[in-house]
Amino acid sequence: MRNALVGGLIVVVVALLVVSGIRSNQRRKAEEAKQPQIQAMQVDKPGATASISEAASQFGSAPDLRGKPAPVFTLTSMDGKRVSLNDLKGKPVLLNFWATWCAPCKVEMPWFEEFNKKYAGQGLQVVGVDEDDEVKPDKLKSEVADTVKRLNVSYSILLSDHKIGDAYGGLDMLPATFYIDKNGVVRAEAIGLASKDEAEANVQKILQ
């Protein structure tokens, strides 16, 4: 009887790992497939007003949280502290989901670092959430730290619990950025790589 229970538990654990791996690979492959198409849309329409992130929404990857309260979370920072969105209440927050394998993420993270310094006097808080789910736990912190150092990012980086993504619409595509005002309401969002001008315009919306 005991052996049967243990066997059953092993089957369940293996099944969960398989499902998790499938989801991770699907997200990565889906993004790799979408990016060239999205970028091609941008290139093929010079002067078009649609941004890459808006184009991404045409692939069904954009949850619409605009005008809604930002889902609250509590995650662990790189230095082991527990950080909650509630800790930032009363301040405008740029919340960016990224991963070490995500090339577009690394394009925009230096912009966010620039905004973090430029708008610090107006209370802007930039928070990055690492969504890596293929890196082994014992190597995750070092890989994230190496990437952050290489990009000269100094703003707060939190490690995902892989539940927060569901709260923010599933995050089928990275990067994903949510602009949250002082009242905790999502005022803008960008799924995929937005232009720097668009990102800064969204920051200015939540500073008002």
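This is a predicted model: local features need pLDDT of at least 70, side-chain atom pairs count only at pLDDT 80 or more; totals for chains, interfaces and linings use all residues.
The structure holds one disulfide, taking that term to mean a pair of cysteine sulfur atoms within 2.5 Å. It is formed by cysteine 102 and cysteine 105, whose sulfur atoms lie 2.2 Å apart, and with 85 degrees about the S-S bond the link is right-handed. Cysteine 102 counts as buried at 1% relative accessibility, and cysteine 105 is buried at 0%, where buried means under 20% relative accessible area, exposed over 50%, and partly exposed in between, with a 1.4 Å probe and protein chains only.

Residues are numbered from 1 along each chain as its sequence is written, and side-chain values use heavy atoms, with hydrogens and water left out.

Let me turn to the sheet, with helices (H or I, at least four residues) and strands (E, at least two) taken as DSSP runs numbered from the N terminus. Seven strands make an open sheet with mixed pairing, in the order β2-β1-β5-β4-β3-β6-β7, and two strands are said to pair if DSSP finds at least two bridges between them. The edge strands, each pairing on one side only, are β2 (82-84) and β7, and the twist from one strand to the next averages 30 degrees. Within the sheet, β4 and β5 pair in the parallel sense over four bridges, and aspartate 130 has leucine 159 in β5 as its bridge partner.

α3 lies across β3, β4 and β6 and runs at about 160 degrees to β3, whereas α4 lies across β3, β4 and β5 and runs at about 155 degrees to β5. α3 also packs with α6 at an angle of about 35 degrees, the axes being 11 Å apart, and there Trp111, Phe112, Glu114, Phe115 and Lys118 of α3 meet Lys196, Ala199, Glu200 and Val203 of α6.

What, then, of the largest nonpolar core? A nonpolar core here is a set of buried Ala, Val, Leu, Ile, Met, Phe, Trp, Tyr and Cys residues joined through side-chain atoms within 4.5 Å. The largest has 51 residues, of which Leu95, Phe97, Phe115, Leu124, Tyr168 and Phe178 touch the most other members. Among the elements that each supply at least two residues of this core are α3 (103-118), β4 (125-130), α4 (137-150) and α6 (196-207). Leaving aside neighbours within four places in sequence, leucine 124 is in contact with Pro92, Leu94, Phe115, Asn116, Tyr119, Val203, Ile206 and Leu207.

Finally, some backbone details in the loops. A cis peptide bond, with omega about -5 degrees, joins leucine 174 and proline 175, and proline 175 lies in the loop between α5 (164-167) and β6. Asparagine 152, in the loop between α4 and β5, has a positive phi of about 60 degrees although it is not a glycine, and asparagine 152 is exposed, with a relative accessible area of 60%. Histidine 162, in the loop between β5 and α5, likewise has a positive phi, near 60 degrees, but at 37% relative accessibility histidine 162 counts as partly exposed.

Conventions: Contact means heavy atoms within 4.5 Å. Axes are lines fitted to C-alpha atoms, for helices over the stretch in contact, and angles run from 0 to 180 degrees between N-to-C directions.
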